[in-house]
Amino acid sequence: MTQDHGSGMVYLVGAGPGEPDLLTLRGAACLSRADLVLHDYLVNPLVLRHAGAAAEIVCLGRPHGGRAMPQAEIDQRMIEAARAGRTVVRLKCGDPAVFGRGAEETEALAAAGIAFEVIPGVTAASAVFSHAGIPLTHREAASAVALVTGHQANGMCGPPLDYAQLGNFPGTLVFYMGISSARQWSQALVRGGRSPDTPVAVVRRVSWPDQQVYHATLGTVADLIEREQIRPPTLIVVGETVELGSGESAPRREEAHEADGMPRGEGASG
């Protein structure tokens with residue numbers, strides 16, 4: 001948490017992967033006292049019920065097929081509201097620290113002297129075990145796990161990610177935003193030494209009522225995605241633990257079946 005030069009406050013809250021009950025108690029408390037909620041479009045609408053009746057709720061738009069608010073505009077909106085004395089919740093899918101641009105937003109807030117607090121959320125990778133029955137680690141199969149992005153920023157500092165080097169990673173790989181680049185990274189992993197027969201699971205909309213799970217191998221996953229026309233948001237799990245899964249669990253509550261108004265478009269799931 002950083003201190004500000006004004007009276008407002010910004011909370012970066014992880015909304016979890018979709019299942020509304022996975023929102024933390026701290027996250028719900030922050031939403032209840034927010035004056036302004038800026039939320040990713042993939043956030044489950046049921047999570048927004050924790051906001052007060054007087055709160056201004058703003059969806060930040062769709063990254064594909066519609067206008068998405070640019071990052072600089074999001075930063076400025078948070079800063080201006082906090083300087084006006086408002087309590088702001090920046091509601092993010094999954095966990096703000098996992099491929100959610102949380103660091104960029106806290107950097108902007110700190111540079112502007114705005115007080116902020118980061119509230120962790122359940123990242124989508126964790127929900128793969130609870131809702132799809134696929135463990136990420138196992139004492140007999142995987143003693144390490146790596147969270148990997150399938151989409152890197154243009155002009156990023158430092159060298160680009162070398163997927164071939166991950167071919168020798170001794171554990172489970174979990175790809176976020178890896179649908180459009182699946183052929184690229186899967187072939188690179190094989191070139192790097194990973195067997196093309198390595199089990200792979202593609203989990204779409206993890207923890208939502210319409211969650212889907214597809215199984216393939218490293219050598220066939222790109223063809224599967226094209227054949228089935230699988231769209232984001234997805235997680236792709238690569239490793240021996242995929243075959244150790246216990247199967248999908250049932251939806252957590254009847255309320256989760258209220259599908260009307262739930263977003264189904266493209267996007268990342270953090």
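Of the 270 residues in the chain, 52% are buried, where buried means under 20% relative accessible area, exposed means over 50%, and partly exposed lies in between, with a 1.4 Å probe and protein chains only. Please note that this is a predicted model, in which local features need pLDDT of at least 70 and side-chain atom pairs count only at pLDDT 80 or more, while totals for chains, interfaces and linings use all residues. Residues are numbered from 1 along each chain as its sequence is written, and side-chain values use heavy atoms, with hydrogens and water left out.

The chain holds 6 helices and 10 strands; these are DSSP runs numbered from the N terminus, helices being H or I of at least four residues and strands E of at least two. Taking contact to mean heavy atoms within 4.5 Å, and counting contacts between residues at least 6 apart in sequence, 73% join residues at least 24 apart.

Which residues have the most contacts inside the largest nonpolar core? They are L173, F175, W185, V202, I236 and V238, in a core of 23 residues. By nonpolar core I mean a set of buried Ala, Val, Leu, Ile, Met, Phe, Trp, Tyr and Cys residues joined through side-chain atoms within 4.5 Å. Among the elements giving two or more residues to this core are strand 7 (172-176), helix 5 (182-191), strand 8 (199-204) and strand 10 (234-238). Another core, of 22 residues, lies apart from it and includes L23, A34, V43 and A51.

Next, helix 4, which spans residues 124-132. Its buried residues are A124, A125, A127, V128, H131 and A132. They lie on the same side of helix 4, because they cover an arc of only 150 degrees around the axis, the arc being that of the directions from the helix axis to the C-beta atoms. These buried residues pack against strand 6, strand 7, strand 8, strand 9 and strand 10. Just after helix 4, G133 takes a positive phi of about 75 degrees.

I come now to the charged pairs. The whole structure contains 11 salt bridges, each a side-chain nitrogen of Lys or Arg within 4 Å of a carboxyl oxygen of Asp or Glu. In one of them, R90 pairs with D40, the closest N and O atoms being 2.9 Å apart. That pair links distant parts of the chain, 50 residues apart: R90 is in strand 4, and D40 is in the loop between strand 2 and strand 3. Is R90 buried or exposed? R90 is buried, with a relative accessible area of 3%.

A further salt bridge joins E56 and R86, with 3.1 Å between the closest N and O atoms. E56 lies in strand 3 and R86 in the loop between helix 2 and strand 4, so the pair ties together parts 30 residues apart in sequence. E56 is partly exposed at 30% relative accessibility, and R86 is partly exposed at 26%.

R101 and E104 also meet in a salt bridge, at 2.9 Å from N to O. Finally, salt bridges that share partners join D40, R90, K92 and E105 into one network.
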